[in-house]
Amino acid sequence: MTPSETSPLPLEPVIPPTRWGWPVWERDEVLREQVALLQQNFPMTLLASLATALGTLWVMARVADTQAITAWLVSHTLVVAGVYLTLRSIAPFVDPAPQAARKLIACMAAMGLSWGSLGYVVLYWGNSDSVIYAIGIISTVSSGALGLGAPLYRAYVTYLTSAIGGVMMSVALAGGPVMWPALFLTGVYYALTCLQARTADRATRRSIALIESASLNLKYPFGLSLSKPCAALRQAQRERFK
């Protein structure tokens with residue numbers, strides 16, 4: 001085997017490429033790790049979402065129609081169940097990486113739309129105070145979901161846009177003297193949270209690339225045939241996530 005056929009893997013990862021500030025798909029090996037991390041975090045987040053939804057029913061029952069909020073809770077529970085079933089069908093180290101990532105993005109979008117629809121519910125079946133309550137609840141939920149979505153920026157931004165977009169639309173439709181301040185503050189929250197998510201995503205991708213490079217260099221200290229790195233890396237990923 002000639003020196004040109006073997007080479008130790010670099011320890012320094014390439015900075016994730018972007019297009020117009022939006023990260024493009026990372027190479028499959030890194031993207032699989034991102035998907036696996038998000039998939040592992042999701043189930044506990046679904047339980048937390050259900051618990052928060054029950055708390056929302058308790059809070060909103062004082063300022064909105066109880067039947068309407070209960071109907072929203074039922075629909076949210078169905079969304080959570082559908083997302084959970086979708087998660088179980090994802091095999092990040094078997095399915096094509098972009099396909100698995102798109103499934104997770106769809107799951108995040110469904111969760112975001114479900115929370116965003118709360119704004120419309122309280123707008124039409126509540127009073128002016130209920131919309132403000134909805135802003136607080138959904139902002140808290142979105143901040144909590146930042147840790148979940150940190151491994152995959154596209155997924156978190158999709159979720160945040162769906163959730164916050166519904167609230168901002170409800171505030172605009174509600175009108176009133178607090179409309180513009182509420183829209184401005186919600187917009188600032190959205191922008192800052194997106195920036196924080198982007199920073200977390202970059203850190204996650206760099207960490208994954210470093211760990212993969214270091215683990216393969218330890219396993220193959222004399223170099224790895226350039227014709228076999230993907231197969232070796234795939235096997236190392238499966239072992240790490242068992």
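**Entry 1: the chain as a whole**

I began by reading the elements from the N terminus, and they run β-β-β-α-α-α-α-α-α-α-β-α. That makes eight helices and four strands in the chain; I took both as DSSP runs, helices being H or I with at least four residues and strands E with at least two, numbered from the N terminus. A note to myself: this is a predicted model, where local features need pLDDT of at least 70, side-chain atom pairs count only at pLDDT 80 or more, and totals for chains, interfaces and linings use all residues. Residues are numbered from 1 along each chain as its sequence is written, and side-chain values use heavy atoms, with hydrogens and water left out.

**Entry 2: surface and contacts**

I looked up the accessible surface next, and the chain comes to about 12400 Å², with 68% of it belonging to carbon and sulfur atoms. The areas are from the Shrake-Rupley method with a 1.4 Å probe, and for residues only the protein chains shown count as cover. Of the 242 residues, 44% are buried (under 20% relative accessible area; exposed is over 50%, partly exposed in between; 1.4 Å probe, protein chains only). I then turned to contacts, meaning heavy atoms within 4.5 Å. Among those with a separation of 6 or more, 81% join residues 24 or more positions apart.

**Entry 3: the core**

Which residues touch the most other members of the largest nonpolar core? I found Phe 42, Trp 115, Tyr 156, Tyr 159 and Val 171, in a core of 56 residues. Helices 1 (28-60), 2 (66-88), 3 (97-125), 4 (128-144), 5 (146-149), 6 (153-174) and 7 (179-219) are the elements that give two or more residues to this core. Helix 3 gives the most, with 13 residues. For the record, a nonpolar core is a set of buried Ala, Val, Leu, Ile, Met, Phe, Trp, Tyr and Cys residues joined through side-chain atoms within 4.5 Å.

**Entry 4: two residues in helices**

Ser 162 is in helix 6, and I count Ser 162 as buried because its relative accessibility is 17%. Its side chain reaches the backbone oxygen of Thr 158 at 2.9 Å. Neighbours within four places aside, Ser 162 is in contact with Ala 109, Gly 112, Leu 113 and Gly 116.

Conventions. Polar contact = N/O pair within 3.5 Å; in protein donor to acceptor, adjacent residues only side chain to side chain.
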